[in-house]
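The entries below were made with the sequence and the model open.

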Amino acid sequence: MEPIHKLFELAKSIAARIIGIGTESDKKRVEDWIEEDGSHNLFVNELADKKEFLKNEDKLRNFPPHQAWKEAKSKISFTKTYKIRKVLPYAAAILVLLTSATLLYLTYDQKRGEVENLADIPPGIKGAVLILEDGRSVDVNSSNIFEIRATDGIRIQKDSAGLDYKPDPESSRKKISTDDKEVYNIIQTSKGMEYPLRLADGTKIYINSGSRLKFPVSFKGKERVVELEGEAFFEVAKDSSRPFVVKSGDVEIRVLGTQFNLKSYSDDEFIVTTLVEGSLIVNTRKLCPGEQLNYSRNTGETEVKKVNTDIYTAWKSGKFVFRNERLQDILKSLARWYDFEYSFLDDKAKDLCFGASFDRYDNMNPILKMLLGTDLVEIKQEGSIIYISSKN
């Protein structure tokens, strides 16, 4: 017996699994459903067949999604449970609508679009700029190795793994009281850069492109406070006596020890906190693992929802994962990493939705090829600017 929302989740999981952007939860949901009945496996295989999908796509062009949903809704009871066999045709219809809307299967036919006369756009690199307490700037990249003796008995070590703030064993300074003033460093990444570091308390932070983190060289007060602009993934070292606090705009996040992603770019409307492990409080709202809080800069309103955290933390693992997202939002994310400019020639192209998974460290050509392969957009490049328009 399956409620309607389970069918939607099943449809999305099947679609994600087929094109390779499915998570472990997607995989398990589909496998459990297949085990219920052998015919379910045949159903999934048929949906994965390119020829069958293209047939469905042709039908869909003459069968608008809102009409399909209207007919399905009239035949599905929302107040009673039912057997999945009875609604299997409608589950299939829902799946076709979802996959067509996100253009997932069209990535099979990448030869339909050729990346002609487009210069390679290389991926970002591991790098940042470290600003010390005295105002000096230090370039941090993948090749250089250095060691700096900072204030407060801290030694900053830079190796292939990143920056590491450690107690200086050679320091002979006396113990500093909690009343002493904290000394701050800043690490910032430009477009096309990312960088990891470990703070003096053992907290690991992975900083995404176009971000700025201000933090104490050593934590002295009753709280461990840092400030973020941009995006970062935090693995907070546990310390029950001193909460870890992240400030970003009008949002304040308080934790003792946990893993979470914070996305807070100034040109985004929402500040997005995604909790992977542990617990935290965003302003006054407590989150549980698998929950995400969206805070609107414009209205001050918040929304909490259950999400697949793998999608929102994929960047840390070297992946881009987009799931039914507007092309305008996709390009906004890509431009921060690939460091290019773009312009839409019509509003229709902005609202096209796509789902795909790409290697973050490849150049941008596979992504452009996928977009052209849908045969829904045209892409031209003039200098460093990419122009996107919809096909009529």
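The entries follow in the order in which I looked things up.

**Basis.** I worked from a predicted model, in which local features need pLDDT of at least 70, side-chain atom pairs count only at pLDDT 80 or more, and totals for chains, interfaces and linings use all residues. I numbered residues from 1 along each chain as its sequence is written, and side-chain values use heavy atoms, with hydrogens and water left out.

**Sheet.** I took helices (H or I, at least four residues) and strands (E, at least two) as DSSP runs numbered from the N terminus. I counted two strands as paired if DSSP finds at least two bridges between them. I found an open sheet of three strands, ordered S20-S23-S22, with mixed pairing. Strands S20 (341-344) and S22 (377-382) are the edges, each pairing on one side only. Neighbouring strands are turned by 20° against each other on average, direction ignored; axes are lines fitted to C-alpha atoms, for helices over the stretch in contact, and angles run from 0 to 180 degrees between N-to-C directions.

**Pairing.** S20 and S23 (residues 385-390) run parallel and are joined by four bridges. I noted glutamate 341 opposite isoleucine 385 of S23.

**Helices.** Contact here means heavy atoms within 4.5 Å. Helix H8 (residues 327-338) packs on the sheet and touches S20, S22 and S23, its direction making about 165° with that of S20. Helix H10 (residues 365-373) also packs on the sheet, touching S22 and S23, at about 140° to the direction of S22.

**Phenylalanine 354.** I located phenylalanine 354 in strand S21 (residues 353-359). Is phenylalanine 354 buried or exposed? Phenylalanine 354 is buried, because its relative accessible area is 1%; buried means under 20%, exposed over 50%, and partly exposed in between (1.4 Å probe, protein chains only).
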